[in-house]
Amino acid sequence: MSGLFKGKEQSVAKPRYEILDGLRGVAAVMVVWFHFFEAFATSAVDQRINHGYLAVDFFFVLSGFVLGYAYKDRWKEGLTAGRFMLWRIIRLEPMVVFGAVLGAVSFVMSGCVKWDGSSVSVTAVVISLLCGIFMIPAWPGSVVDVRGYTEMFPLNGPSWSLFFEYIGSLLYATVLYRMSTKMLSFFVALTGAALAATAFADLSGTYHIGNGWSLAGWGSLMGFLRLAFSFSAGLLLSRVFRPRRINGAFWIAAIVIVAVMACPYAGGSEPSVMNAVYDSVCSLIVFPAVVALGACGVTTDRWSTAVCGFVGRISYPLYITHYPVMYLFYAWVWKNNIPYENALPVCALLFVGIVIIAWAAMRYYDEPVRRLLINRFRSRL
């Protein structure tokens with residue numbers, strides 16, 4: 001558990017998996033670069049760092065494993081669903097609010113216009129901001145859909161995965177933790193088959209799993225299945241996992257994550273069922289294996305410890321704050337027809353800036369706010 005959790009919580013806390021924190025950070029970095037290259041893609045087929053969207057599936061596996069590991073004994077000690085969800089809200093909500101506000105600022109800076117150039121009222125921006133803060137997804141075409149791109153959270157697109165993270169936490173606190181290992185295994189198999197089926201049925205239009213950010217079409221179903229399988233697979237792994245020491249686990253797992261997400265579109269230059277095979281193998285097999293690998297190692301040298309510690313701490317702030325910057329970057333690229341090669345130096349500078357924003361948000365906002373909330377609600381935790 002985090003060093004923020006003092007007193008009663010700390011007394012029952014278990015040792016952290018520092019390597020898993022570090023791997024979360026590696027995946028978050030890949031998401032940032034995946035989104036940089038979205039500015040120059042004409043489709044999911046020619047997108048550079050093509051499979052960066054699979055980071056969400058990795059995050060869900062990681063979340064299920066970590067929560068299952070950290071809390072499995074506490075249910076027997078009297079932990080209630082209400083107390084558990086309060087912990088999750090304290091952990092997640094401060095940065096949800098920060099990301100929504102940052103997204104609103106970015107939208108205003110871009111002129112309060114949709115992607116088609118039409119103006120958006122201040123009232124609509126305020127409503128969208130409030131919906132973002134309270135995790136109320138935007139219905140496509142509604143007043144909340146201020147960018148007109150059918151995003152669930154148009155002021156900060158990646159918040160969609162936090163919406164499903166909340167759903168996963170609620171399912172865990174009310175249903176999943178009560179399941180026997182046999183029943184949970186059946187649930188994992190069922191949701192895994194359903195998730196793969198969405199890719200092979202080409203519900204995304206390009207034979208990939210990376211959907212869920214919109215309520216349009218099959219988006220909400222695909223988002224839920226990505227959560228349902230990956231989160232429950234991580235939870236199952238936390239029950240059956242038996243660690244054994246593997247040297248270099250962080251660097252091996254990090255290389256696998258980078259390679260998987262940087263891989264070009266599977267099947268060539270046209271939509272291909274081979275990409276459905278690739279996504280299914282990564283989500284159903286590779287990511288649970290990577291989490292297990294990461295849990296088998298410990299950092300033994302100063303460099304690995306520092307890298308895991310830093311990227312792990314900023315991983316969530318990095319993920320939830322980078323996209324408002326991307327909106328401005330996309331507008332600049334598209335308005336001025338900036339070619340890929342000319343934009344790379346700007347991407348590098350923006351990446352440094354995004355990391356600084358994430359670190360500052362973590363250091364001066366997220367951690368202090370969570371300490372304040374923990375102290376405020378200590379009697380209920």
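Modeller: A word on naming before we start: helices here are DSSP runs of at least four residues, numbered from the N terminus. Please also keep in mind that this is a predicted model.

Colleague: Fine. At what angle do α4 and α12 pack?

Modeller: Helix α4, residues 81-109, packs against helix α12, residues 340-376, at an angle of about 140 degrees, and their axes are 10 Å apart. Angles over 145 degrees count as roughly antiparallel, and the angle here makes α4 oblique to α12. The crossing of these two helices is right-handed.

Colleague: Which residues of α4 and α12 make the contact?

Modeller: On the α4 side they include Trp 87, Ile 90, Arg 91 and Phe 98, and on the α12 side they include Tyr 365, Asp 366, Arg 370 and Leu 373. By class, the contact of α4 with α12 has 11 nonpolar residues, no polar ones and three charged ones.

Colleague: And α6, how does that run against α4: roughly parallel or roughly antiparallel?

Modeller: The axes of α4 and helix α6, residues 159-174, come within 9 Å and cross at roughly 170 degrees, and the two helices are therefore roughly antiparallel to each other. This crossing is right-handed. Among the residues in contact are Phe 84, Arg 88 and Glu 93 of α4, together with Glu 165, Tyr 166 and Thr 174 of α6. The residues of this contact divide into 11 nonpolar, two polar and three charged.

Colleague: Changing topic, how many cavities of 30 Å³ or more are there?

Modeller: There are three cavities of 30 Å³ or more, and the largest cavity holds about 70 Å³ of space.

How values were computed
Residues are numbered from 1 along each chain as its sequence is written. This is a predicted model: local features need pLDDT of at least 70, side-chain atom pairs count only at pLDDT 80 or more; totals for chains, interfaces and linings use all residues. Side-chain values use heavy atoms; hydrogens and water are left out. Axes are lines fitted to C-alpha atoms, for helices over the stretch in contact, and angles run from 0 to 180 degrees between N-to-C directions. Angles under 35 degrees count as roughly parallel, over 145 as roughly antiparallel, 65 to 115 as roughly perpendicular and the rest as oblique. A crossing is left-handed if the near helix is turned anticlockwise from the far one by less than a right angle, and right-handed if clockwise. Contact means heavy atoms within 4.5 Å. Ala, Val, Leu, Ile, Met, Phe, Trp, Tyr, Cys and Pro count as nonpolar, Asp, Glu, Lys and Arg as charged, and the others, Gly among them, as polar. On a 1 Å grid over the protein atoms alone, a cavity is a set of points where a 1.4 Å probe fits but cannot get out, and a pocket is an open set with protein on both sides within 12 Å along at least five of seven lines; lining residues have an atom within 4 Å of a point. Grid points are joined across faces, edges and corners, and a volume is the space filled by probe spheres set on the points.
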